[in-house]
Each structure stands twice: as C-alpha cells, then as structure tokens.
Amino acid sequence: MLIRRIKQLKCLGARYSSSHYVTTPIFYVNAAPHIGHLYSAVIADAHCRYQKLRHPATVVRLCTGTDEHGTKIQQAAASHNVPVDQYCQEISFRYREVFQAAHIQNDDFIRTTEERHKQAVAQFWRTLQGRGHIYSAAYSGWYCVSDEVFLTDSQLRLDEASGTRYSLESGHPVEWTEETNYMFRLSQFQDDVRHWVKQEARIRPAKFEKILLDTLSEPLPDVSVSRPSNRVHWAIPVPGDETQTVYVWLDALVNYLSSLGYPNEKFLEHWPPAQQVIGKDILKFHGIYWPAFLLAAGLQPPQQLYVHSHWTVDGQKMSKSKHNVVDPVQAAQQYTMEGLRYFLLREGVAHSDGNYSQVKAQRILNSELADTLGNLLSRACAKSLNPCQVYPQPHAEHLADLLQSVDAAKRLRDSLLQLSERCEAHYECNHFHLVADTTMAALHAANNFFESAKPWELKGGKEGANEPRLATIIAMTMDALRLCGIVLQPIIPQLATRLLDKLSVPSSQRGWDCLNENFARRDSSSNSRSHQLDGQSSAMLFQRIMDEKDKTVEQKPQPQQAKRSKSKKERLKTATNATTATTTTS
Ligand code: MSP
C-alpha cells in the first residue's frame, strides 16, 4: 500500500518537481577536516550556487554532514582519551566551522548520531528485510577496519616479512574475521545496477562509469550489512536483533534520505538526488551498493554521481593516516578562504589527481585574482581617472569609434559576447576550471583594451580632455568587470559580491540573464544609465600574497634600497602588479 502510494507520488514528483537535491559525502570524524574534504564540499556548493543563479525558480537543496559510527571512530576517540560522543561532537563541529568559513551554503548538516537519522536507518532496514533482501549467514573473510569493508584474496597484498595482508586499493591492513552477519542480496541487483550505471550522464566524468562497468562485469557477491554488537558497538542496532549493529556504510548512505525527513513521505519532494558529489575512493559504495540498496527498497537511485579525483601532496594522496594533510584554516590564513576556494576549483579537475603546492597557489592567485581582476577594478575606480566615482554610460559615437578603430576593443566585445554561453556550458558539466579560464580570458581582454585605449591621456593631456570618450572606456571596462563578477559568483561568492557591490549593481541585476546587458549588445547598453559607485566598498579586491621573505623586506626597508630611485621600467612593473593602480592611471 505504502509502496503504491510512493510510486504515485514519485510520478507526480517527476512531473512537477522543480527540486534539485545535491549532496556531499558525509565526513568521517576520526580527524579534523583537510582541503580534500573541503574540495568535495566546494564542488557541491559551486554547483548549487550556479543552479540557483541559472534556474532561479528551482528549489536547490544542499546537504552535508558527518559520518560518526564505526570502529575507526571508536578507536580515534580512545586514542585521544575522550568519550566517543564528545569526540564526535568536537570534530563534527570543526567541519561545520570550516564549511561556514568557506561559505558553503548547505541547507542541512546531518550527523549520523542524530535520532532522526537512527530512525531513518531502522526504517530503511525494515523495508529491505520486509522485501526479502536480507538474510542471516555465517561469514568469514579479511576485514579492513580503516575502510570498513571485507576484501577478497585478489584485493589483498601479502607482506611476506610480517605476514600482514594489506588492501591493494587503500594500503590499509586487514584482519581475519569470522562472525554471523546479516547479508544483503547484492548479487540479485547486478543487472539493475548495470542498467542504471549505463544511463546517459549517470556517472561523470565518464572514466568512472567505465571503472564501475568493469567491476560489474564480474559477478557481484552478496554483501554483509551488519556486525556483531560486541565487536562494533558504536553503531546503530539492527532492528529486532540487539546482537548485531548496522554496517557503517549502509548507515552512512541512508543519511541522504534522513536529511529529507525519510520515512515521512515529504522526502519525495526532493527525491531522487539530482547530483551526488563523491571522491573516487568511495565510488564502489555509491555506484554499486547505494543504487542496489535503493532499488531493493523500491526507491529511485540518484540521477547523477559526480566523482572527483584526489589532491596529492608531493604525489601522495592526502590522508589523515599519512600525516600529510593541508589544513584549510591554515591555508586560508595565507590566501584567504576565497583564495583557497578559487585555487581548488581553478586547479582541480575531476578526472585526475591534482598536486597541491603553495608556490602554485600563490602564483595563480596573484596573477589572476590580484593582477588581472583586482587591478582592473582599482584602475577603473581610481579617483584620478574617475573623480566623480561613477559607473558611466557609454557614448554611442565613441563606442562605435572604439569598436571600429581599436583592435583590443573588438577582442573584448567578442570575448564578452561569448562569455555567458561558454560559461553556462562549462558550469553544466561542473568544469569550474574552464569557467575560470574563460572569465580570465575576458578579463585579460579587458586589461588589454584598457592599456590600448589609454584613458589617462583623455583627461587633458596632449590630445586635450575628452570626457565622453574617457567615460566610454571606463563604462566598457566596468561592463567587463560586472559580467565576470556575475559569472564568478558560484566560485568566489564573497569576492564577486564585493566587486558587484563596488560597482553598485543591484541584487536584482546579478542573475545569469543580466549577462546580456552590456556594451557588446548595443540595444541593451542604450538602456543603461550612469550611476554612482558604492563609496562604502573598497576597490581593493584581493591583496597580492607575498613571500615571507618579501614581507620582511617590506617591513624593514634596507637603507640603500629605500634611497635608490627606481628606474622607469621598475616603476611601471610595480604599478601594474599593485592592486591599487592609481599610479598608472594618473
Ligand atoms: N564517510 C565516508 C563517506 C560516506 S558518504 C555516505 C568517507 N569519509 S571521508 O571523510 O573519508 O571522505 C569524505 C570525502 O572526502 C570523500 O569524497 C573523499 O573522496 C574526500 N577526500 C578525502 N581525501 C581526499 C583527498 N586527498 N583529495 C580529495 N578528496 C578526498 O569516505
């Protein structure tokens, strides 16, 4: 009866739903967050922010949280001599804090130790059992505590010297375990899962679809979904059998349902998830177990799994157990949280691992956020060029003449004409690095135009003052900045907001549709009016990051250096690199 009702609601949901439900994995609380974890969250957040920007009528919902059960959490708490519930609370809080600092706009933060989640897991278990997909069996095998998974011989490596076996995939040690467990009939869902995986754009990037299909080409064994309570007691009890606790991966996966209020039918308003962001290490759980569990429970599996690769440090996977983690809070002290967000999304690509290096982060942020974006804003807002502090209106005849006679103006126009369509295509695929590339190309074109048009010569130099032409150049430059600010909102929300605030762009005009209003599309530019810049906001967007040694030099100038007058070439270089560029524009 309930199932029939669910099916009816599901059909209705599919037809009328304007919901876009997105999830991150829930994070283990056995240690503090690192930038790899933040990466999963930042991808999901940028994806959701884009959806809201592009499809304002859609209800976008983002859920994240912490995964708090299992032996490894128990062990971590014990090693810190802290009661396990207190330990979970503390680490969970740190995730929450980091995500807040990174402006992750999650609608829910779920903890698997919450009552609402325990109820959902119990109901999900009863549904699987009621539908005949769970049975009891004696089970023995090699168990990996770190990965919370049983492994077959072919998935192990034997260290001859110590006699210890290790997981080939994760490198973690395993131990022989014999116990009575509840088993889930995974083998019966092989064809259904394969069919689901093969649907268009189900698994992205496509290389991960291939990995799943390879796994699915071998017969799937049934999977153990409980553990004896005396071995794993920090877990959710199996309904009706106190001697067993629910397997942590089944427990964890159900979080995506409990966040929506499952088993209350209202959860169907958002089900199934439009996109679930995961790291490649948890592909099997989300790409095989999860759809099988859902199909067994009579629910639709997610519409898309978006799988990202890992951040490495010196070529090694960053992980708590390898002690080579990069702490996002520390990194943000150096680059700001917006800088860190930009770096992760600019440099990370989903299909292959990215190597984290401070030198690279500093180089990219200085050249793109400080020199290319920040510097242009400072120049366009400099009092020397723009004494009335306005976002001017272009003058039709000067606009036509600039587009006719200055090549850099034509290139800027072409770049802006393509910006919206190109970035939309990149955002639709979560190709944030290409959005950044395209936006930076437009900003380079704008910088180039500004240099070529020489607005500072129009203030009354040799050629005499030409206020309308000067205003037109500033208007075109500000249009480029405004458009790039709108496009960059999902990636660097705070910086983009500050940029748009400075330009006094009303919040109603920061949507994707407003990308069409600019000088490059003449009809609309004729409607625009000159308006005042926001005097309260700074035109200094992103401060260059300095090396420690440069900071020391800056704090204590050497007498000879301070006295030595700079050459013209040096002065020019400093001015171009500074975030406030009044010198070049005056
Ligand atoms: N608790 C499970 C997920 C359960 S979801 C139902 C888990 N937690 S985790 O804390 O180990 O990892 C959470 C996410 O962080 C995963 O997507 C994982 O891929 C990601 N990262 C962990 N280390 C990473 C890197 N070094 N680089 C990028 N992301 C990686 O797995």
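**Salt bridges and a helix crossing**

Reply: The side chains of Arg-346 and Asp-437 meet in a salt bridge, 2.8 Å from N to O. This is a predicted model in which local features need pLDDT of at least 70 and side-chain atom pairs count only at pLDDT 80 or more, while totals for chains, interfaces and linings use all residues. Residues are numbered from 1 along each chain as its sequence is written, and side-chain values use heavy atoms, with hydrogens and water left out.

Me: Why is the contact of Arg-346 and Asp-437 called a salt bridge?

Reply: The term requires a side-chain nitrogen of Lys or Arg within 4 Å of a carboxyl oxygen of Asp or Glu, so the pair qualifies at 2.8 Å.

Me: What makes Arg-346 count as buried or exposed?

Reply: Buried means under 20% relative accessible area, exposed over 50%, and partly exposed in between (1.4 Å probe, protein chains only). Arg-346 has 13% relative accessibility and therefore counts as buried. Asp-437, at 39%, counts as partly exposed.

Me: How do you know how α14 is oriented to α17?

Reply: The axes of helix α14 (residues 396-405) and helix α17 (residues 467-488) come within 9 Å and cross at roughly 70 degrees. Angles under 35 degrees count as roughly parallel, over 145 as roughly antiparallel, 65 to 115 as roughly perpendicular and the rest as oblique. α14 is therefore roughly perpendicular to α17.

Me: What makes Glu-68 buried?

Reply: Its relative accessible area is 0%, so Glu-68 is buried. Arg-111 forms a salt bridge with Glu-68, the closest N and O atoms being 2.7 Å apart.

Conventions
Axes are lines fitted to C-alpha atoms, for helices over the stretch in contact, and angles run from 0 to 180 degrees between N-to-C directions. Helices (H or I, at least four residues) and strands (E, at least two) are DSSP runs, numbered from the N terminus.
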